[in-house]
Amino acid sequence: MSSMVYMYGFGFGGSPGRNVTVHVTYGGAAGSGANVVCTNGKKTFYGITDADGNFAFKLTKGTWTITANKNGSTSTVNAEVTGDCTVDIALFAATINVTYPAGSTCTATNGTTTLTAPDTSGTWKCVVPNAGTWTIKAPRSGGDFSETVVISKDGETKTTSLKLYLFNGGNYKVISSFVAKAVHAANYTLSTKAPSISGTSTIKAALGSGTSEYDGTVFPNTTVDLSGAKTLKMNITAISIPKNAGGGTTCINFGVTKSNSNGFTILASKNMVNGQSTGTISINVSSISGSVYLFILLHSWGAPTSISFNKIWLES
């Protein structure tokens, strides 16, 4: 343990002081650099804890109010000083490791407390001073990347990557609606027919007569800004991709493009084929900047294909 530095004040009236060590923990570890204030009537003394979380005072007998503070985390105890003693004070601290779009100003809010990242690097070791639900945001025009994190105990560490929901549980967050078109990507040569849209999130390939080969594409009717995003994700709740009558493979393609007209160029995509299960799929869009269209391209080579989903989002 490092050596103590004693604080002396006024008003002792010649009475000898007692050696009182204030020991501060911060998030369960030594609370170095914490500010400590001891008050008794008109007497007030100040100190800053050392590397071991300690600061030593000379205090007269009596009841002292002792407060420790570090990075916004504060705790106060009333200590009855009758002789040499140690007063322990625990400061709450938990850590949220945040990934957010670089260049943004990231904040964490819980009630009336708002913390702000010290820079715009895209990563933040956010130390919070109390338990509860923390809302973390990186605001930008066109929608905020955000996430909520629940902190329940002192010393806890959690990690989160901020999300921007484009479509969430039937609600259009950034895009306004889906539009079906009888178009296909430049590297596909099938005949085309617009798929059908049931409700807000079920897409089904349209079929021609017999075993006619059709495909069609669904786009949002607005573009999406990929700035600051690393991945595009969709959570699939139901999917049907059977083999066609001749045993060939049908498929569904999900991705991004700069155009929503026929012969569009795929910038990044995920191809789903027979056996694709429900759950979340992810597409790397970190190399793409600016505004793009999402697309869902369905192929129905004589066998119907369909996909349902409840969430589409960007992740930092």
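Colleague: What should I know before we start?

Modeller: It is a predicted model, where local features need pLDDT of at least 70 and side-chain atom pairs count only at pLDDT 80 or more, while totals for chains, interfaces and linings use all residues. Residues are numbered from 1 along each chain as its sequence is written, and side-chain values use heavy atoms, with hydrogens and water left out.

Colleague: Why is Asn40 called buried?

Modeller: Its relative accessible area is 18%, and buried means under 20% (exposed is over 50%, partly exposed in between, with a 1.4 Å probe and protein chains only). So Asn40 counts as buried. Asn40 sits in strand S3, residues 35–40; strands are DSSP runs of E, at least two residues, and helices are runs of H or I, at least four, both numbered from the N terminus.

Colleague: What does Asn40 touch?

Modeller: Leaving aside residues up to four places away in sequence, Asn40 touches Gly62, Thr63 and Trp64, where contact means heavy atoms within 4.5 Å.

Colleague: What makes the pair Asn40 and Thr63 a polar contact?

Modeller: A polar atom of the Asn40 side chain lies 2.7 Å from the backbone oxygen of Thr63. The definition asks for N or O atoms within 3.5 Å; within protein, one must be able to donate a hydrogen and the other to accept it, and residues adjacent in sequence count only if both atoms are side-chain atoms. The 2.7 Å pair therefore qualifies.

Colleague: How do you know that Thr257 is buried?

Modeller: Its relative accessibility is 0%, so Thr257 counts as buried. Its side chain also reaches two backbone oxygens: that of Ser259 at 3.1 Å and that of Thr265 at 2.8 Å.

Colleague: What makes something a nonpolar core, and how many residues has the largest?

Modeller: A core is a set of buried Ala, Val, Leu, Ile, Met, Phe, Trp, Tyr and Cys residues joined through side-chain atoms within 4.5 Å. The largest has 50 residues, and Leu232 and Ile312 have the most contacts inside it. A second, separate core of 20 residues includes Val24, Phe45, Ile66 and Ala93.

Colleague: Why is strand S29 described as largely enclosed?

Modeller: Because eight of the ten residues of S29 (306–315) are buried.

Colleague: Which strands are joined to S29 by bridges?

Modeller: Two strands pair if DSSP finds at least two bridges between them. Strand S16 (163–168) is joined to S29 by five bridges, antiparallel, and strand S21 (202–204) by three, also antiparallel. Strand S24 (231–240) is joined to S29 by nine, again antiparallel. So each of these counts meets the cut-off. As for individual partners in S29, Leu164 has Leu314, Thr202 has Ser308 and Met234 has Ile312.

Colleague: What makes S12 and S15 edge strands?

Modeller: Three strands form an open sheet in the order S12-S9-S15, with mixed pairing. Strands S12 (123–128) and S15 (157–161) each pair on one side only. Strand S9 (94–99) and S15 run parallel over five bridges, with Asn97 opposite Thr159.
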